[in-house]
Amino acid sequence: MYTTELDKQRHTVVTQEDPEKLAAFEARVAADDFIEPKDWMPEAYRKTLIRQISQHAHSEVVGMLPEGNWITRAPSLRRKAVLLAKVQDEGGHGLYLYAAAETLGISRDEMIEALHSGRAKYSTIFNYPTLTWADIGAIGWLVDGAAIMNQVPLQRTSYGPYARAMVRVCKEESFHQRQGYEIMMHLAAGTPDQVRMAQDALNRWWWPSLMMFGPPDADSPNTAQSMRWRIKRDTNDELRQKFVDITVPQADALGLKVPDPDLAWNETKGGYDFGAVDWEEFYAVVRGEGPVAKERMKARREAWESNAWVREAAAAHAEKKAAKREAA
Ligand SMILES: [Fe+2]
Ligand SMILES: [Fe+2]
């Protein structure tokens with residue numbers, strides 16, 4: 001019902017566009033041309049991109065919180081330096097993405113306000129707690145691993161600024177994935193307690209990682225239009241399958257067990273069959289009922305408020321510079 005309603009709305013929005021402009025736009029997209037900020041685009045395309053890019057930006061920024069939590073408790077100076085660099089990268093990803101979304105005519109303040117008021121969504125994965133150091137390994141390995149799977153095809157997404165932001169983001173994500181896997185390798189080859197920590201982290205992060213690809217294709221109302229406009233290049237289920245196929249052998253190499261009794265290699269399809277994701281849990285987390293959803297937003301709002309002086313100082317500095325330039 002909800003899906004049908006959404007589709008109807010989208011259909012109305014698209015059919016209200018100038019048919020000639022729409023046809024020219026669709027031909028460009030079909031020819032794999034990039035659409036740039038000043039080009040004509042259907043309103044529904046603009047809105048979809050604003051929603052997707054801003055959600056992506058919010059996810060990068062909120063994603064700093066579960067890991068930032070461990071910077072002071074990293075087990076060595078080397079681990080601390082690496083984690084610090086990784087968390088800073090995520091902040092940078094958020095900034096490129098907010099800047100890309102701004103080219104579509106929305107302001108940074110509007111996006112931040114939508115996040116802080118709870119209207120905007122971000123990836124459900126960041127509403128789970130990081131309980132042990134092994135979680136930092138599992139996040140890098142699985143969460144950044146899933147992010148790469150989602151983001152590599154976005155380097156060829158039809159909107160130019162989004163595609164270009166993804167090129168650098170993807171390079172950094174592959175470093176993030178490796179640093180996580182390296183932590184897991186270390187723990188999995190360690191003492192029995194360390195092995196237990198590694199397995200426990202995999203148990204808790206596996207299913208939320210599979211949820212990162214979004215609902216099954218049959219329940220994903222945006223997928224068809226997004227594929228047509230080449231915003232998306234692969235469906236949620238295709239990406240989830242790819243992730244499972246790549247990640248299971250990595251768990252085997254660690255000597256850890258993926259927590260899915262239904263996981264089995266399927267020779268015919270050349271990939272793994274795997275158990276059903278608990279979509280009830282996913283939708284509950286989307287509704288804001290994740291284990292640490294409230295803490296995450298509280299931390300974001302506090303950071304926004306207590307750092308207001310930085311924004312004010314930067315604005316005052318920019319004004320001063322502009323005045324000097326004018327006087328010169
Ligand atoms: Fe990132
Ligand atoms: Fe990352």
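Trainee: Which residues does Asp260 touch, not counting residues up to four places away in sequence?
Mentor: This is a predicted model, where local features need pLDDT of at least 70, side-chain atom pairs count only at pLDDT 80 or more, and totals for chains, interfaces and linings use all residues. Residues are numbered from 1 along each chain as written, chains are lettered from A and ligands numbered from 1 in written order, and side-chain values use heavy atoms, leaving out hydrogens and water. Contact means heavy atoms within 4.5 Å. With residues up to four places away set aside, Asp260 touches Trp207, Phe274 and Gly275.

Trainee: Which side chain of opposite charge is nearest to Asp260, and how far away is it?
Mentor: Asp260 is buried, buried being under 20% relative accessible area, exposed over 50% and partly exposed in between (1.4 Å probe, protein chains only). Charge here means Lys and Arg as positive, Asp and Glu as negative, with His and the chain ends not counted. A salt bridge takes a side-chain nitrogen of Lys or Arg within 4 Å of a carboxyl oxygen of Asp or Glu.

Trainee: Which residues coordinate the iron ion (ligand 2)?
Mentor: Donors are N, O and S atoms within 2.8 Å of the metal (3.2 Å for Na, K and Ca), and water is not among the atoms, so sites may look incomplete. The donors of this ion follow the spacing E-x53-D-x28-E-x2-H along the chain. At 2.0 to 2.2 Å, they come from Glu90 (OE), Asp144 (OD), Glu173 (OE) and His176 (ND1).

Trainee: Why does the salt bridge of Glu182 and Arg78 tie together parts apart in sequence, and how many residues apart are they?
Mentor: The two side chains meet at 3.2 Å, N to O. Helices (H or I, at least four residues) and strands (E, at least two) are DSSP runs, numbered from the N terminus. Glu182 sits in helix 8 and Arg78 in helix 5, so the parts that the pair ties together are separated in sequence by 104 residues.

Trainee: Is Pro42 buried or exposed, and what is its relative accessible area?
Mentor: Pro42 is in the loop between helix 2 (19–30) and helix 3 (43–62). Leaving aside neighbours within four places in sequence, Pro42 contacts Glu17, Leu22, Phe25 and Trp229. Pro42 is buried, its relative accessible area being 0%.
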